[in-house]
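Take a moment to turn the model around on your screen before reading on.

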Amino acid sequence: MSRTLARLRRTLQDPLLVRAGQAMVPTPRALALRDEAAAVVRRLGSLLSPAGGTDPATLRRVFTLQTADLVGAALAPGLLRLARREAPGVSFRFRPEELEAGPALRDGRIDLEVGSIDHVDPETQVEELVTLRMVAAVRQGHPLAAEPLDPVRLAAAEHVVVSRRGRFTGPLDIPLPLPPLVIGMAWHPRHAADGAHHWLRDAVRRTLHEPGAE
């Protein structure tokens with residue numbers, strides 16, 4: 001304590017504490033600094049303490065999400081309703097799957113990727129959300145509905161392929177059965193402890209788990 005006091009005296013060029021009989025009393029400079037120093041210590045303690053819960057109502061953020069068209073269409077309405085109710089200062093920017101997600105998450109161009117997560121960057125954190133199964137739907141009276149459908153008849157039919165990767169083939173190009181489609185979300189670990197991003201991940205999770213969201 002005496003060494004610390006000596007350093008403070010040299011820095012401030014003031015004795016700070018002086019002897020008065022058997023006690024030590026503060027100088028006027030020490031009294032002037034007391035309240036300000038206490039406030040600095042409190043602010044420093046708050047800064048260095050673990051982050052507490054974030055109040056969504058106070059958030060003012062724009063989150064960028066990269067999603068496939070189908071996932072974005074299922075996610076956006078419920079996510080916007082949830083934000084209006086809980087975090088009215090939050091806005092969302094939805095991007096199509098045009099960026100390589102790993103680098104885009106790493107450099108902050110997107111905050112969250114939601115969809116079929118097929119990249120395996122070691123630092124990316126991934127959470128599975130829902131598992132979907134593929135089904136075939138045809139108009140009433142379509143020839144494929146005239147008798148039981150098998151892989152040969154399905155493959156022989158005319159097809160329009162919509163590929164988010166620009167491919168001409170996919171899981172349908174035999175053999176079947178088709179694999180399930182796992183929808184997840186991915187984020188960079190620098191957001192793992194961020195309260196606002198935690199609310200975003202929870203909001204996406206709750207939205208996709210709502211009845212009717214799938």
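Let us begin with a charge and a ring: Arg201 sits over the face of Trp187, 4.7 Å from the ring centre. Keep in mind that you are looking at a predicted model.

**Aromatic rings**

How many aromatic pairs does the count come to? The count comes to two. Phe92 is buried, because its relative accessible area of 14% is under 20%. Phe94 has a relative accessible area of 29% and is therefore partly exposed, since this value falls between 20% and 50%. Together with Phe63, Phe92 and Phe94 make up one aromatic cluster.

**Two residues inside the fold**

Is His197 buried or exposed? His197 is buried, with 0% relative accessibility. You can find His197 in helix H6, which covers residues 195-209. Setting aside neighbours within four places in sequence, His197 is in contact with Phe63, Asp111, Leu112, Trp187 and His191.

Now look at Ala186, which lies in strand E7 (residues 181-187). Ala186 also counts as buried, at 0% relative accessibility. Beyond its neighbours within four places in sequence, Ala186 is in contact with several residues, including Leu105, Ile117, His119 and Val126. Asp111 and Leu112 are among the contacts of Ala186, and they are also among those of His197. Along the sequence, Ala186 and Gly102 are 84 residues apart, yet in space their C-alpha atoms are 9.0 Å apart.

Here are the accessibility values side by side:

| Residue | Relative accessibility | Class |
|---|---|---|
| Phe92 | 14% | buried |
| Phe94 | 29% | partly exposed |
| Ala186 | 0% | buried |
| His197 | 0% | buried |

Twelve residues line the second largest pocket, and Leu5, Leu8, Leu16, Leu17 and Ala30 lie nearest its centre. Which classes make up this lining? There are ten nonpolar residues, one polar and one charged.

Key
Residues numbered from 1 in each chain as written. Predicted model: local features only at pLDDT ≥ 70, side-chain atom pairs only at ≥ 80, totals over all residues. Heavy atoms only, no water. 1 Å grid on protein atoms, 1.4 Å probe; cavity = no way out; pocket = protein on both sides within 12 Å on 5 of 7 lines; lining within 4 Å. Nonpolar A, V, L, I, M, F, W, Y, C, P; charged D, E, K, R; others polar. Phe/Tyr/Trp six-rings, centres within 6.5 Å; stacked < 30°, edge-to-face > 60°. Buried < 20%, exposed > 50% of the residue type's maximum accessible area, 1.4 Å probe, protein only. Lys NZ or Arg CZ within 6 Å of the ring centre and 35° of its normal. Helix = DSSP H or I, 4+ residues; strand = E, 2+ residues; numbered from the N terminus. Contact = heavy atoms within 4.5 Å.
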